[in-house]
Amino acid sequence: MKIVLSTLNAKYIHTSLALRWLYVANKERFDVSFIEFVIKEDLNTVAHKLLQTNCDVLGLSVSIWNVQQTRALIDKLKSLRPELIIFIGGPEVMYEPDFFLEQWNIDYLIGGEGEFVTGELFEALEQGVREVSIKGVSYPGHIDRTIVQADINRLVELDSPYQLACDKDSLIHRVVYLETSRGCPYQCQYCLSSLEKGVRYFPQEYIFENMKYLIDEGAHLIKFLDRTFNLNQEHTYGIFRFLIEHYRPGLSCQFEIYADLLKDEMINYLNTELPDNYFRFEIGIQSTYEPTNLEVKRRQDFQLLASNIRKLLAGGKIDLHLDLIAGLPFETYERFIQSFNDVFALGAKEVQLGFLKMLRGTNLRKNAAKYGYQFDSEAPYEIFYNDAISAEELELIHRAEEALDRYWNSGRFSRSLSYLVENHYKGRYFEFFLALNNYYNEKNFPAFGYQLEDVFQVLSGFLEERGISIFHLLRNDYYDNYTLRPHGFWKDTRTKKEKKALLQRVLQDKEFLEENQLSATQIEKYATLDLISDKTVEITLFHVRENKQTPHPRFYYELKD
């Protein structure tokens, strides 16, 4: 019996740890392999490739981002080979097995962690048993709502899913997902993790061995899957310390952090010992409205959280990604604006504005009528409105989110927007992004496929209408988005003759070139020259910076009479 495990990842750079765990748990006993695709691939092609494996059993991992494509894929596979046994698992399907068994053309559904349950199912199928009695395994006519938890002590005895030979060459190109624990202690009513019981930790020696392998083999990005990475202080310190001691340039690590739990000792340790551009923390704040947090059973001390975030930002070592959710119970449009402004004021590099999704199995979905929720019946189950916020108000938040992502989260306007929000829109950040997006739409700029120059022109025009002049900051931000010298700044109206004359004046000043260790070739081939006053020329030198985050070198030349 040949078994294939597969899934549709959101992007090529993503990898499925679940498939790898199932593979290492079963490869010694069964003829099993795994293959990954992405959701944008043609499903006919995916189906053809899967059928070419001549598998007898196919397992598919289903998540919120691939649920519709996976269902369509299963229909294609079953139409071409009805006898193919298909089982599914994953967070999207595990809490409502009856729905998927009734609506989908599948043979089995596994609820929970399937590393060892799949082995029991494979053994039964090899023996010709179809009506199995296995905890967590459902099939038409038999529903088992057990959410299985795998024994971590057994998992660590398996070959490592992080050290597979087939992954070795791609470590530098793809995200590596690593878990040091399973489970979540919190009960946030909108989150699937709230349905898990307890937190279980992998042994630190096992974690260290795998991290060392990934570091030595050139992994580019390790994303830790722990729902609350810093729950256990000793565990957290151990891993942070190991990563710092084994730092390798070019590697970055990403964690989901509960900022309330951070102690000053740990913050000081990170701010002192951590190399630059090494750690990124995702911190879910979701709302600063306490009645909302209490209603969804989210424990949060915003004042403590904000204080810890400011301390981390003051250290300048860690990139912070702060999350908000629009549409939570009791939070009106006006109150959400305050939550946004509270969080944005902290000054993080990225603020992710998401919209509430009624995930299958969550208590908030079960109690949707209590709050007047209306939501999409298809994944990702985003809400339309509730008793506290209207569809029209959520649309305004969507508009602000578009500008937030395009201008702030993109990192393209670091100088310009930092100055604006500090000096012209302090405390009115949401209002700024909404107004900017409205202006963008009024000028009929495209939602997709826009050019870099387009978004800079929009911001420039928006500010000009309001009498705000930050021309110099805008130009420097514009240039720093390029690696090679651009044709010029869009505001530059000088003729070719005028530009050439200015270039010659700089090149003829040998003293200036020697003093700044510049050559004529550098100026002619790799520099832009801009008059920033009647007497001052700003020279931006391209093609010599260390990375995209480093500003281009700039020199200032004073024109002589």
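Ala, Val, Leu, Ile, Met, Phe, Trp, Tyr, Cys and Pro count here as nonpolar; Asp, Glu, Lys and Arg count as charged; the others, Gly among them, count as polar.

## Basis

This is a predicted model, where local features need pLDDT of at least 70, side-chain atom pairs count only at pLDDT 80 or more, and totals for chains, interfaces and linings use all residues. Residues are numbered from 1 along each chain as its sequence is written, and side-chain values use heavy atoms, with hydrogens and water left out.

Helices (H or I, at least four residues) and strands (E, at least two) are DSSP runs, numbered from the N terminus. Two strands pair if DSSP finds at least two bridges between them.

## The six-stranded sheet

Six strands make an open, mixed sheet in the order E2-E1-E3-E4-E5-E6. E2 and strand E6 (137-138) are the edges; each has a single partner strand, so one side of each lacks a neighbour in the sheet. H1 packs on this sheet and touches E1, E2 and E3 (contact means heavy atoms within 4.5 Å). Its direction makes about 170 degrees with that of E2. Axes are lines fitted to C-alpha atoms, for helices over the stretch in contact, and angles run from 0 to 180 degrees between N-to-C directions. Helix H5 (residues 117-126) also packs on the sheet, touching E1, E3, E4, strand E5 (108-110) and E6. The direction of H5 makes about 160 degrees with that of E5.

Strand E1 (residues 2-9) and strand E2 (residues 31-38) run parallel, joined by eight bridges. Valine 4 has serine 33 in E2 as its bridge partner. Between E1 and E2 the chain passes through helix H1 (residues 17-26), in a right-handed β-α-β crossover. Right-handed means that, with the strands pointing away from the viewer, the path from the first strand over the helix to the second runs clockwise. Strand E3 (residues 57-61) and strand E4 (residues 85-89) are also parallel, with five bridges. Leucine 60 is bridged to isoleucine 88 in E4.

## The three-stranded sheet

An open antiparallel sheet has the order E17-E18-E19. Strand E17 (527-531) and strand E19 (554-558) are its edges, each pairing on one side only. The twist averages 25 degrees from one strand to the next.

Five bridges pair strand E18 (residues 536-541) with E19 in the antiparallel sense. Isoleucine 539 faces phenylalanine 555 in E19. Helix H19 (residues 496-507) packs on the sheet and touches E17, E18 and E19. The direction of H19 makes about 105 degrees with that of E17.

## Cavity and pocket

On a 1 Å grid over the protein atoms alone, a cavity is a set of points where a 1.4 Å probe fits but cannot get out; a pocket is an open set with protein on both sides within 12 Å along at least five of seven lines; lining residues have an atom within 4 Å of a point. Grid points are joined across faces, edges and corners, and a volume is the space filled by probe spheres set on the points. The whole structure holds one cavity of 30 Å³ or more. The largest cavity has a volume of about 150 Å³. Of its 14 lining residues, Thr15, Arg20, Asp167, Leu171 and Val176 are closest to the centre. The lining has eight nonpolar, three polar and three charged residues.

H15 gives the most, six residues. By class, this lining has 19 nonpolar, 16 polar and 13 charged residues.
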